[in-house]
Amino acid sequence: MNRLRALQKFVRPSLPSLGHWAAGIAMGTLFLTIFSRLRLAFGASTDVTIAVLLTFVLASLASISFIRNSSRLVTLAAFWVIAIWTVLQPAVLDISLNSIHQFSLMQLTSHATRFGITFAIVIASLFPFAFGTVAILLQPTQRRSALVGGIATSLFLVPTLLGLSISPNVAMWLAVSGAVLSGAYAYLNGSRPGASGEFVSSEGNHKHWIEKITLSFMIGFAFAIATFVGQQLILKNLVAELATIGGLLAGLACGSLLSKKFKTRIPWSESLRWMSLAAWGAIIVLSYPTMTYLALHETIWISNTFLLFISRAALLTVLTLPLGIILRTSSSRQTLNSADYFAKILGFTSGFTIAIWSGISPALAVVSLVLAASAIAAFSFWKSDVKLPVLWSRRFVLAAVVGVIVCGFLFRHRLDPSKSEKLVFSGNAFAAVRNGVDWSTLQWMDDGRLANEYSTLEGRLSFWKQRGSQALVRENGLVTEIRSTNSAVFPMNASEVIPGLFPLIAHPTAEHVLVLGMHSTTLHTCESYPLHSVTVIEDSSFFDEIQSWATSFLSETSQFRFINADLRMALKASHTQPYDVIIAPQVASATTAGASELTQEFYLDSRRLLAPGGIFCQRLPYYDLGPETVREIAATLKSVYPQVLVVGSVQGETLLVGSLQSEPLVTKELVGRMQLPQARYLLSELGWDWSIPASQGALDDSAVTKWIAETHTPFSSRHHDLLFKLPAEVARWATKSQLTASELAKQGMALGGYLGEGDESLDISQRLEDSTIAQKILNEHPDDIWSYRAALKEQLSKRPRAKIMQVKHEGLARRLHPDDQRRKAYLVTLSKLAKSETPTLQMVDSLVQFRQPFDPLMGTFVSYEAVHQLRRVDKKNRGDAEAKSAELNHLLYSIYFSSAGDKSVRNVCEAILILHEHPEVTSSDEDRWDQLNGLVEILRHRWYLRLHDKTRQSKYETIDTERSIGAVRKAINDLEELASRANVSESDWQIRSEFIQENLSRPLKQHRSKQLRRYQINPQVQ
């Protein structure tokens, strides 16, 4: 009994704090419910964040104006208002969003108009909740820190639980119940009017308003820096965003506790706050590499999804926790009045807004913050006219803070997102670390080089070069596009081309196309078709830079119209004409923006803009999505479109196609449109035959209907679990891609399989057989590809194809198939060229013309033939530089358009030697550096395949090894000389050089030693 009484005595004082903490969790859960609905409606726009902050500013002003005295009834009403409004908000939000129909698409090009609309909708759907929240915070209580701490806890913990185990609706109703009970408890047990508490009325001392607003402004500016840094370390989604906000609120709660504990004011505490803010900025700079290391290793080694999300949230919380502490301890009194509250939220919102809208670079923002805070700290210390602290411990702390600030300014280059985006968002980096690759070499373990970058506190855009002629576009570290900068030597990326090509093939007469996102590959695809108009909508702070990048690959832009507008808002606006095809080529499902494009409302908005018989096509990478999630997304699309087709694109990706057509999409006419000149041209840029898309797996409408039969609730803005479920799905460890591919294969069949038996199916099977033969030659005979000639002749003689064709003066007649006619003409041209004693460049060019349209038994092999014939061209009839340039281009084509399993190294060594001996064949030193670096990387990959293939070994292995060692040595020398001209620092080149030596040169030399030991001759014994 005595122990029970002792326990009651210990627990009873904590019960009120626990009650406030639980009330805070309920409030935080209701806030994230409303905020997630806004995010699904608007995507990841920072305008929403600013509008939410401004709404709380207005709510605080209204609370100060109308709530003059503390009252238990006000607390009760405030709790009940936020509970009831959370339930009513979806209807208000839907009505507000429908008002966007009144605006035209062109009106939305104005940022002021877009923000005005966003602000109006946010106020309409959030103001009652914000007013109730502020009213609760302004009521007197002794445990305000517990309430704020509860809100912070909910933002830290609840999003992870929503993604893993708890239904959002269950969480919402629990929070509603908690808010109702909290209000009743506050009414029955709250403080009487006039009781002292942490917050008092607005009739306080306003002497230090300027100081408070200035510090709050700087904290808001610093918070914008923290959100930018967080985006570069953790994938940008709502879970990460709420964790960042939760860290700030946790800091406010901690600051409140510290204010109570340290009641004695230090004479130089005012300057110490500013020094702490400057030190925070310096620590962000100095610790950025360490945070990158932690973010990478969290993803690699933490297999439990819950622990992974908690660790990520903790990392983000660390960024903003100090800011909350500094903000809360900025008052000289232990109590805060309503005027203090309004001043702080107004200053914070102003600082955050100006930081985002100013377009300032992150590096300059951090330097400005550190210098400004240090200057104000020095001025405040001088103005206070106090002496340095007497105690040596305080002097040491002061000296350490000053030292950190100075180091942060001197080493500000450590805040370099280009060093982190290749690591944190790269599957190759994860695998390398698991395989024991040293941390210091991860940045340069491939041939990627930063070509250009643009950064503001709103986000980051960067362009990377690799493989000589391939470019990567990254937004906040995430790859958004991969494309070839020269399709004559490097293939376009199939995953980027097919999402735009398939709907243009599927629609019989497309004229007007809408592209959701500035995707240069899709624009290039649209340019190849005879379209009347192509409307491109892109919402980015780097709109001009992205447009310049995209249009640089277009020969004509008259048919394109580029609109800088919020994507979700633009779909709701009125357009001048309906569209035959709508293409969504960029969907990152784990991000907030990507999740908002997978909702029922998004599909309804896209359907509204389609013409009768129109087609909507969305790219869906499922590398990290399980079959259940993909099925639910397909069910959401099916709930809107009468006909849905799921088509495989490349391994790990699929296309979701919604159609308003009444007839089936997969018909013989579809196969015929695959063979149109523009389609075959685009497929040739991939190194694909027209039959390959027809061989991809697919689910027609009946298969989709059967597959999704068990799915009950489509993803909707009202059911906001999508924002939490998708990040958790992406983060969990499992063979998700394989399971999804297996499930799709079980439910469907090859696209051409839906045609049944017929000439089209026979054509597809025969062309696929040719592709198999070509792949076998390239993979199994890397040093003897000339056997393709025999295969080509054999297919012509044993499998001649005929086709009924229109013949002049004869009407319809049975003639040799056009593809076989081309093959026959190719062999004739090759024969003439081989028999010619003095071939010319024009004769070689006539041979090269057979590369397009792509033929699996000709395409890649034509380049081998062209290289061979170019070396026979009489020097008198050619320009040596011109011939070498052509030879290099054909070598590059044979290298990069080959199969992934190609182990040939001779053509790679020959290309390196041309670049070494003839620098004039490249347009610039940067281009030459990229080409050499890319070829070295290809050589490393192919020798890796050779050295790990114990079943086959070329009879030319010794010669190939010696050639490769010599080529690598020359490439390294040239790369070292060109590094500075390619904007590669000496330290970066040193890392890259060591990696090449360790992973290519050394294995080759060891391989050569093994070969020499085989031929060692033992001396004769006398």
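1. Start with Gly28. Setting aside neighbours within four places in sequence, Gly28 is in contact with Ile151, Ser154 and Leu155. Contact means heavy atoms within 4.5 Å. Gly28 and Thr153 lie 125 residues apart in sequence, yet their C-alpha atoms are 8.0 Å apart in space.

2. A word on the source. This is a predicted model: local features need pLDDT of at least 70, side-chain atom pairs count only at pLDDT 80 or more, and totals for chains, interfaces and linings use all residues. Residues are numbered from 1 along each chain as its sequence is written, and side-chain values use heavy atoms, with hydrogens and water left out.

3. Gly28 sits in helix 2 (residues 15-42). Helices (H or I, at least four residues) and strands (E, at least two) are DSSP runs, numbered from the N terminus. Gly28 counts as buried because its relative accessibility is 0%. Buried means under 20% relative accessible area (1.4 Å probe, protein chains only).

4. Now turn to Gln89. Gln89 belongs to helix 4 (residues 72-98). Gln89 has 0% relative accessibility, so it counts as buried. Apart from neighbours within four places in sequence, Gln89 is in contact with Ile34, Arg37, Leu38 and Ser125.

5. The side chains of Gln89 and Arg37 make a polar contact (2.9 Å). A polar contact is a pair of N or O atoms within 3.5 Å; within protein, one must be able to donate a hydrogen and the other to accept it, and residues adjacent in sequence count only if both atoms are side-chain atoms.

6. Finally, the whole protein. The protein has 39 helices and 17 strands. Of its 1022 residues, 56% count as buried.

Note on methods. Buried means under 20% relative accessible area, exposed over 50%, partly exposed in between (1.4 Å probe, protein chains only).
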